[in-house]
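Here's a walk through one model, strand by strand and ring by ring. Have the viewer open and follow along.

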Amino acid sequence: MRKKIKRQIRMKSHTRKIVSRQESKIQKEQPLQVGKGLDVGTAFIFAAEKIGNEVVFRIERDAFFEIPFSDHIKEIFERDGVKYIRSGDQFYVVGNGALRFANLFQRNVRRPLEQGIISPKEKDALPIIKLLIESAVGSRHQAGETVYYSVPAKPIDADFDVLYHQRIIEGFLSGLGYAPKPINEGLAVVFSELAEENFTGLAFSFGGGMVNVCLANLSIPILSFSIARAGDWIDKQVAYAINEPISTVTSWKESYLDLDKRENLSRMEQALSIYYDILLDYVVGHLKTELEKSAVHLERPLTVVVSGGTAKPTGFLKRFQEALQRFQLPIELGEIRLASQPLHSVTKGALIAAIVDESKKQQKE
């Protein structure tokens, strides 16, 4: 299996982002590879498929915003391609448009997912998630096409279960005619980023709602857990500290944050800097505890790879390395690097697993 996965990785030479459901020229001209990957994250939903030699991504923001219904607004939405759901006398703007409207009205978006799973606080979460998944994953190429979808590991600092979330996503994908299979989020990063290390190393996925951690040896998970704090937690703490809407903090962080900057900071920069450091210490502290409990013994230094949207700001990797140095871990670390495409690592790993499964199907036939 490891050799097959390596072959699939070598074939991916170019990556292209697709942010709408509209078919692109490349999709019409290039042969499609059966099998898809889906990353159901708290902040974004990413889907990936292989077309020719390219991996093509579709991206949807996990967010919605409530607006009173009117025929005039409906015409504008349909003209501009704004995704929405109508419920009675309300519109729910979903995806990227939700954040735009929230910033316009100086309010916060609502999230159908929270801390990596379907939000129990949002009664309207299910139809929103269904629409976003349908938009991201698109139509199947054949009946029973395999799609691997990410699921978080069991959290070690929160008391909730991921099975309900997993079954709901599975049901949505089955309803679209896919053959859905779950994949641990951290293991997906291992598949995506650690082929040259024989799928052996320590992978981190710093998402919006959770941080997923997976220590794998030859693609076999030895230690896997999640932490129920991540990018959303930072945004909420910063918003409270400086009295700004969460949506404003999120937009600023995604557009401007530079963690290499240490002096002459604005209030926003200072608060983000402080809470990034707090989060990293929290994650590495829990990692140390879990490693000590598991008594993992390794013969060589472990490669560490970091992915996820929360890890994307300039300077994140340096801050993470500093956090690792503050704690005496019971294992030896080798190279510490950022994933080649931090936002897409989980999706790529899920896609690789799906393509390998589809190739096995073809061999049996």
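This is a predicted model: local features need pLDDT of at least 70, side-chain atom pairs count only at pLDDT 80 or more; totals for chains, interfaces and linings use all residues.

Which residue is the bridge partner of Ala203 in S15? That would be Val305.

## Ground rules

Residues are numbered from 1 along each chain as its sequence is written, and side-chain values use heavy atoms, with hydrogens and water left out.

Helices (H or I, at least four residues) and strands (E, at least two) are DSSP runs, numbered from the N terminus. Two strands pair if DSSP finds at least two bridges between them.

## Strand S12 and its neighbours

On one side, S12 and S15 pair in the parallel sense over four bridges. S12 also runs antiparallel to S13, with six bridges joining them; in that pairing Leu202 stands opposite Leu215. S12 and S13 make a hairpin with four residues between them.

S12 is well covered: six of its six residues are buried (under 20% relative accessible area, with exposed meaning over 50% and partly exposed in between, using a 1.4 Å probe and protein chains only). Gly201, Ala203 and Ser205 sit on one side, Leu202, Phe204 and Phe206 on the other, and all are buried.

## The cores

The largest nonpolar core has 40 residues. Such a core is a set of buried Ala, Val, Leu, Ile, Met, Phe, Trp, Tyr and Cys residues joined through side-chain atoms within 4.5 Å. Phe204, Phe206, Val238, Phe316 and Phe320 have the most contacts inside it. The elements giving two or more residues include S12, S13, S14, H8 and S15, while H10 gives the most, with 11 residues.

Phe316 touches Phe206, Leu259, Tyr276, Leu280, Val306, Thr310 and Ala311, leaving aside residues up to four places away in sequence; contact here means heavy atoms within 4.5 Å. A second, separate core of 24 residues includes Ile118, Ala125, Ile128 and Leu132.

## Rings

A search of the whole structure turns up 11 aromatic pairs. Rings of Phe, Tyr and Trp (its six-membered ring) pair if their centres lie within 6.5 Å; planes under 30 degrees apart are stacked, over 60 edge-to-face, and the rest tilted. Phe44 and Phe46 have ring centres 5.8 Å apart and planes at 40°, so that pair is tilted. Phe44 is buried at 18% relative accessible area, and Phe46 is buried at 5%.

Phe206 and Phe320 are edge-to-face, 5.7 Å centre to centre with 80° between the planes. Phe206 lies in S12 and Phe320 in H11, so this pair ties together parts that are 114 residues apart in sequence. Phe206 is buried at 0% relative accessible area, and Phe320 counts as buried at 0% too. Phe204, Phe206, Tyr276, Phe316 and Phe320 form one aromatic cluster.

## A three-stranded sheet

Elsewhere, three strands form an open antiparallel sheet in the order S5-S7-S6. S5 (64–68) and S6 (84–87) are the edge strands, each pairing on one side only. S6 and S7 (residues 90–94) pair over four bridges, with Arg86 opposite Phe91 in S7.

Helix H3 (residues 71–80) lies across S5, S6 and S7, running at about 20° to S7. Axes are lines fitted to C-alpha atoms, for helices over the stretch in contact, and angles run from 0 to 180 degrees between N-to-C directions.
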